[in-house]
Each structure stands twice: as structure tokens, then as C-alpha cells.
Protein chains: 2
Amino acid sequence: MNIYDVSKKAGVSIATVSRVLNGNQNVSDKTKNKVLTVMEELGYTPNVFARGLGLNTMHTIGIMCSDSSDTFLANAVYYIEQALRKNGYEAFLCCTGYELENKKKYLRLLLSKRVDAVIMVGSQYLESAKQDNEYIIAAANKLPVMMINGYLSHPNIYCTLCDDYQAVFDAVCRLAGHGRKRFLFLYRFDSSSSRNKRKGFCDGLEHAGLSLSEDSVRLCSEGIPETRDFLLSLFEKGCSYDAILTAEDSLAVAAVKFAGAAGIRIPEELEIVGYNNSLLCMCTEPELSTLDNHVETLSITTVNTLMRILQGADVPNKTTISNDFIVRGTAY
Amino acid sequence: MNIYDVSKKAGVSIATVSRVLNGNQNVSDKTKNKVLTVMEELGYTPNVFARGLGLNTMHTIGIMCSDSSDTFLANAVYYIEQALRKNGYEAFLCCTGYELENKKKYLRLLLSKRVDAVIMVGSQYLESAKQDNEYIIAAANKLPVMMINGYLSHPNIYCTLCDDYQAVFDAVCRLAGHGRKRFLFLYRFDSSSSRNKRKGFCDGLEHAGLSLSEDSVRLCSEGIPETRDFLLSLFEKGCSYDAILTAEDSLAVAAVKFAGAAGIRIPEELEIVGYNNSLLCMCTEPELSTLDNHVETLSITTVNTLMRILQGADVPNKTTISNDFIVRGTAY
């Protein structure tokens, strides 16, 4: 039983059912009554139904995040909660970890608590196998689902993304323009966001007419000292780079540490670019140049979009925010 | 209606009522029945009552934290959630902010969601005015309340603390032993933990026979660049320090930045000590010496204690964990 069954039986579009569910005023009384009657016949009573009629709302939003110790995710959650509170909503945060079964379990838990909507923070919620995202689609048949840095097509899923692919692509072209030729890309785990960044890196190299080898992309899932030591071991084996791009700032910190230990001058001999513009950027010497994905804007845009949905407005299902290259001491 | 009324009317101690509530086997059937009868007469049916009898548990724990973008708190929440999940419990996290009214609102929300217990993370939950903590006492009459880095005396409140006072006191004595004489203490906001650290600092100076002036303690509530600039402005006014202790690592990062800008050699001319042993320590050059308050141990101890309470065991209401001085590049 879901929004599609209602749409089919009532003979109206899914968007119309969604508008009725979300209390939108731009639906005729006749259509609204037809949809409500079908819902009743089918026994379809999602939270949003009660909420659309102004009943039974807890003014509570569920937030899912995979790892609260990740700086980007923690900041996103912080800004989301601030913005929700300003709008008179409370938030329940579930830190689900990275395993699919736990993500599903927490989403069920949030639905059972009758939240008004769910916000999924981070690209870790977009699985590469299509059927593994079905549980999100199923939830979206009951309430609005907001995704940050993940995109799924569904009338009741609303995504806010930063353009990770383009940001890394442009950064590669920028550094190639400085005459850099030996590029390395570091990432910390596999996620749709990491895959987009990696693709931007590879396509950027191709665009700049530079070669890509198996040594050009490295997975570094451990901490800063381990990553520094790994880069030192590559250096001792004769691998030599003049540009290191990373999927997150902590990896760029490790690259700065490596250069210091190897006696490589930054940025003259080696340019390093972080990702996220986190607090870590201000800690290194020199300070990190980085790609700013505007976590505050992403978070606030998501909440503003949600508030408009809950007020019954029609809003676009996808909003893309561009990144900025922030120049500090590690890259021009 | 609370645990005290039950205790009084049943003519047993609060600890006994608590044991019955928590399903402890070390209570005679006669006493247990008396307590249960009184509870029924008084209409006292807290969650834990149902849970103690093995009914109606959601296996869900509420976590309250003031600010998910704070590194220490975010890490504590991370370890707590990992440990709860290992024990088959789910977690709901509320980021309450720093205002008392919001803390109260979120605690009410968690109680209404029928969680099995509440964990309050961080000393921000201990208010300086006694009556402002009454809402925590009231909640503890209904379910176990765990506090990390805060202490309130109540039979159903269980506290895990690190000894902030002693850690800073010892660090001052250590640096005084290196011949340091002009000490500065930086803190970022007023909390019971900050107050303990500050007191440890002042008492440490006195113990070492050093003088304390109004310039010795400074509140720096802004970011790293602002704090660095503030320290530079003090330096230009003629304030000169040879030891800077801080209430958190980000302030120590700012002190390292200041020393770099002012041409002061670390640690020869100036020793700097951070607090928390966070990721930031690995980012500076030289790396930060810091006081490690063992956030992982604090978090896991709290969850282990809670699991024993939920199994009906008698556990101490207060557990104190000592801190360690971690020597890296900014202090001997």
C-alpha cells in the first residue's frame, strides 16, 4: 500500500496525491476529497496525512547520519538542528553507522516514532546497488525524505547536493595550469560522494592531457599518522608527486605532514588541496587550501526546502550548490 | 508523584525502591510486593517499572548533547552509540544547544518517547544554580539518568567524570617544575568542566608559589584566527607568557599560531598544553602536547554501567577517571 496505489485508484498524478498529503492549497476541493476517500478505502494513513490536516504532528524531524565523529557530518547535523529549532521543530538524530541493515533499522525506528519527515545526511545513504535503496523509496511513500549529497528520483524525495565532481575536475585543471604533472588523489572510504570526486579527478586529468596510472588514486582509510607514513613509504619507493588532491581535509593534513618529513616545500614543489573547509584547515602550517562544499548552505537549504514542503508548497526535487576553491597556503 | 513518595509510603529506602524499579533480584518478594502495591496505589508507573518487569521496553536510549559540532562531544556520542549498538540498544540523540529551556524541552520529548534511560553528555548539563538542575532530578525519579562530566547526587543518577581539576593542577605543577613563571589559562565558555579546570589552574599556581593576576585567565569564545589575533594584541601590549594552558585543543592551536606569528619558539620559550587529545593535536607544527581525558573510556564506562543498571545490578553512582599528560611537541 503506497502513494502509487492511491494515485492509480484516484486517477490523479502522484504529484497531486503528494500535494494533498502535504496540505497544499492548490488542489481543488473535489480532487482533494477524491484522494482522501481513496486513502480511506485503501487504509492508507501516513503521518503526513494527519499532518497535512493539521492533526497529530509532533513537530519532530528525524535526522540520520552515518558517523557523528566525521567533521563534515557533525557540522551538517549542527546547522540542520539550529535551523529546525528556529522553525519550531525538534530533531531526533540517529547515528546509523555504515551498515545497510542498521540504516534500515533506524529508519524503521524513526517511522515508528511518527516523525514529520526524515533528513538523511551524507552520500553514505546512497548505495550503489539499486535495490539497496528501496527502503528509502518505501519511506518516501509515507513522508518527505530529504537527502544531503545523495540523489534518488521520487516525487517525495528532495535532494540538496554539492557538485563534488565539478569541484575536483576544476581543481585538477587549475593545478595543471600551474604546470603540475604528477597528480595523486587520496580518499578515505567508498561512498557516492567519493566516487564523484574520483571521477572528477580522472576526467580532469584526461581533460588536461595528463596520464592516469594505477598509482594515481589511493584509498587511505586510517588516521593522519598512518596516512603520512604511507605517503613516506611511497616516496621512498620512488613515487614522486607534485599535486595531491584529497576527498577530505584530514587526508590533506597527512599530506602536509608527509611533505614536512620528506623535506618537500609546499606549495613550491608540491601543491595540496583539502576538501570540506573544516576546522582542520586552520591548524596546519601552512594552512590548507581546500574545496569548500558549503556545509552550512547545504544544511540550511535543506531545512528551508523542508519547511516549504510542510507548508504545502511545490518545490524542486533537486538543488545543486557549487563548491569554491579556497586559497590558503598549500595551493595557489 | 515520585520515587520519594513511594519510598516514604512503603517505608523502605529509596535505594530499595530503585532496586525494585530496576528489576534487581536482591530484594525479598515481600518487600518487592509492598513496593509494587504502593506504586499501584499512588499511580506511579514509570518506564523503568514496566521495563523492570520485562514489559514494554523499546531498547532505546536517549542521548542529550549540547553541540554536535564540538569535537569532544561528537566523539563521546560516537563511542556511546557504538557501545549501545553492541549491546543491542538503539540511540536517539538530541542536540539541545546551551539554553536551559531547550534542554528541558528535549528531556521531556525523550521521556514522552518512552526511552529506557537518558545519557547526558558533557558538563554543560550541570547548571550552577541548584534549582536549574531540578528537571534532571525529576527525570531520574522516572528512569536512570547517566551523566558524563557532570555530577548530581541522586540514587538514580549515575555519573562518569574525568578529573579535570586534578589534570590542570598537575600540569601547572609540571610546567612550573620546568621553571615556567608567567602562566596563561584560556577557556572557551563557562561550564562546570571549565570551572573545574580554571580552579585547578589557580590552585596549581598557588601551590607552585606563583602569582595569579587578572591577566592570567582569559575567556576566548571565538574561532582559531580570532583567538590568535587576540593573543597577538596582548603580546603587542607587553603581556608576555612562557606557559599557556587551555580548556580545549582548538585554543592551543590558536596559541601555536600566535607563537608562529610572534616569532616565539615552541617549546623552548613557550610551552603550550591542549585539552581533549583530539584530532587537532596531530595537525599543528609542532604537534600538540595535551591532557587526554579519555573520551572513549568515559563513554564506554557509561554504557557498561547503564547495562548493569538495566540488568538490575547495584552500581556506584560516581566513577572518576584520571587524565593523562600526553607529551608531543608543544610541552615537555
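Q: Let's start with A:S66. Where is A:S66 found?
A: A:S66 is in a loop of chain A, the one between β1 (60–65) and α5 (71–86). Keep in mind that this is a predicted model.

Q: Is A:S66 buried or exposed?
A: Buried. The relative accessible area of A:S66 is 4%, and buried means under 20%.

Q: What does A:S66 touch, leaving out residues up to four places away in sequence?
A: Its contacts are A:L73, A:C95, A:T96, A:G97, A:Y98, A:Q124 and A:Y125.

Q: Zooming out to chain A. How many helices and strands?
A: Chain A has 12 helices and 12 strands.

Q: And what box do the C-alpha atoms of chain A fill?
A: Roughly 75 × 35 × 30 Å, along the principal axes.

Q: How much of chain A counts as buried?
A: 58% of its 332 residues.

Q: Switching to aromatics. How many aromatic pairs are there over all chains?
A: A search of the whole structure gives 15.

Q: What is the geometry of the A:Y78 and A:Y79 pair?
A: Edge-to-face. The centres are 5.4 Å apart, with 70° between the planes.

Q: How accessible are those two, A:Y78 and A:Y79?
A: A:Y78 is partly exposed at 24% relative accessibility. A:Y79 is also partly exposed, at 23%.

Q: Now chain B. Why does the pair of B:Y98 and B:F189 count as tilted?
A: The planes are at 55°, so the pair is tilted. Edge-to-face would need over 60 degrees. The ring centres are 5.5 Å apart.

Q: Which residues form one aromatic cluster in chain A?
A: A:F183, A:F185, A:Y187 and A:F201.

Q: What lies over the face of A:Y151? And of B:Y151?
A: A:K318 lies over A:Y151, at 4.4 Å from the ring centre. In chain B, B:K318 lies over B:Y151, at 4.4 Å from the ring centre.

Q: Helix packing next. How do α8 and α9 of chain B cross?
A: Helix α8 (residues 164–177) and helix α9 (residues 192–207) have axes that come within 7 Å and cross at roughly 35°. The crossing of α8(B) and α9(B) is right-handed.

Q: Which residues meet there?
A: From α8(B), B:D164, B:Y165, B:V168, B:F169, B:V172 and B:C173. The α9(B) side includes B:S193, B:K197, B:F201, B:L205 and B:H207.

Q: How do the residues of that α8(B) and α9(B) contact divide by type?
A: Seven nonpolar, five polar and four charged.

Q: Last topic. Where does B:L42 lie?
A: In helix α3 (residues 29–42) of chain B. B:L42 counts as partly exposed, at 22% relative accessibility.

Q: What separates B:L42 from B:A247?
A: Their C-alpha atoms are 47 Å apart, and along the chain the two are 205 residues apart.

Notes:
Residues are numbered from 1 along each chain as its sequence is written. Chains are lettered from A and ligands numbered from 1 in the order in which they are written. This is a predicted model: local features need pLDDT of at least 70, side-chain atom pairs count only at pLDDT 80 or more; totals for chains, interfaces and linings use all residues. Side-chain values use heavy atoms; hydrogens and water are left out. Axes are lines fitted to C-alpha atoms, for helices over the stretch in contact, and angles run from 0 to 180 degrees between N-to-C directions. Helices (H or I, at least four residues) and strands (E, at least two) are DSSP runs, numbered from the N terminus. A crossing is left-handed if the near helix is turned anticlockwise from the far one by less than a right angle, and right-handed if clockwise. Contact means heavy atoms within 4.5 Å. Ala, Val, Leu, Ile, Met, Phe, Trp, Tyr, Cys and Pro count as nonpolar, Asp, Glu, Lys and Arg as charged, and the others, Gly among them, as polar. Rings of Phe, Tyr and Trp (its six-membered ring) pair if their centres lie within 6.5 Å; planes under 30 degrees apart count as stacked, over 60 as edge-to-face and the rest as tilted. Buried means under 20% relative accessible area, exposed over 50%, partly exposed in between (1.4 Å probe, protein chains only). A charge sits over a ring if NZ of Lys or CZ of Arg is within 6 Å of the ring centre and within 35 degrees of the ring normal.
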